[in-house]
Amino acid sequence: MLFRHRRICGERRQARDDFGFGGERRGDHYRGAGRGGRLGRVFDHGDLRYVLLHLIAEKPRHGYELIKAIEEKFGGMYSPSPGVIYPTLTLLEELAYLRAETGDGTKKLYSLTDEGGNFLAANRATVDAIFDRIAEASRAYGGGPAPEIRRALHNLELALSLRLGKGPVDQAQVSTITAALDRAAADIERS
């Protein structure tokens with residue numbers, strides 16, 4: 001077990017050395033460390049703070065706009081969850097790097113404070129390095145299937161796994177499942 005842990009951790013360290021976020025570089029392409037080629041951990045500790053500050057420095061944004069902007073920077077291969085974005089925005093607000101203004105409804109519009117601008121300027125080299133890694137990963141791994149296709153494929157895989165995990169399937173169920181998969185494959189080929 002200890003050997004396996006060291007081997008996996010060593011692979012993760014090497015992967016982070018290549019791009020700086022949880023994947024591995026093989027030749028001229030990028031393969032995420034996660035299952036099915038998805039990215040594992042995307043940002044090193046604290047990197048998301050710099051990304052958010054940089055994007056907000058470009059123009060004030062809502063949380064949802066930040067999620068979409070990061071997804072766009074990654075060429076659709078990664079979209080951060082609200083559970084990662086909003087706590088980080090709250091932290092940056094508490095550090096006085098951001099100001100949140102509530103306009104219509106409950107949406108907060110985040111803008112950079114002078115202190116946040118100074119912090120960003122003082123860490124420009126770090127910010128540039130993070131965005132260089134994002135751009136390289138996007139070039140190497142992005143441009144693949146649209147996020148909606150990856151989501152649908154994941155849903156199919158999960159549904160099949162859950163069904164097969166319920167116990168043995170009889171011949172009628174096998175026929176039903178394979179017919180559904182064959183129909184889906186034929187529909188995809190015709191699209």
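**Reading the sheet and the helices**

Mentor: Strands β3 and β5 pair in the antiparallel sense, and two bridges join them; strands here are DSSP runs of E with at least two residues, helices are runs of H or I with at least four, both numbered from the N terminus, and two strands pair if DSSP finds at least two bridges between them. Please keep in mind that this is a predicted model, in which local features need pLDDT of at least 70, side-chain atom pairs count only at pLDDT 80 or more, and totals for chains, interfaces and linings use all residues. Residues are numbered from 1 along each chain as its sequence is written, and side-chain values use heavy atoms, with hydrogens and water left out.

Trainee: In what order do the strands of the open sheet stand?

Mentor: In general, strands of a sheet pair through backbone hydrogen bonds, either parallel or antiparallel. Here three strands form an open sheet in the order β3-β5-β4, with antiparallel pairing. Because β3 (61–62) and β4 (98–102) stand at the edges with a single partner strand each, one side of each is left without a neighbour in the sheet.

Trainee: How should I read the crossing of α2 and α3?

Mentor: Axes are lines fitted to C-alpha atoms, for helices over the stretch in contact, and angles run from 0 to 180 degrees between N-to-C directions. The axes of α2 (residues 47–58) and α3 (residues 63–73) come within 11 Å and cross at roughly 105°, and the two helices are therefore roughly perpendicular to each other, a term that covers 65 to 115 degrees. Contact means heavy atoms within 4.5 Å, and the α2 residues that meet α3 include Leu48, Val51 and Leu52.

Trainee: How do the axes of α2 and α4 cross?

Mentor: Those of α2 and α4 come within 10 Å and cross at roughly 75°, so α2 and α4 are also roughly perpendicular to each other.

Trainee: What span should helix α8 have?

Mentor: The expected span of a helix is 1.5 Å times one less than its number of residues. Helix α8 (residues 171–190) has 20 residues and should therefore span 28 Å, which agrees with its end C-alpha atoms being 28 Å apart.

Definitions and conventions
Angles under 35 degrees count as roughly parallel, over 145 as roughly antiparallel, 65 to 115 as roughly perpendicular and the rest as oblique.
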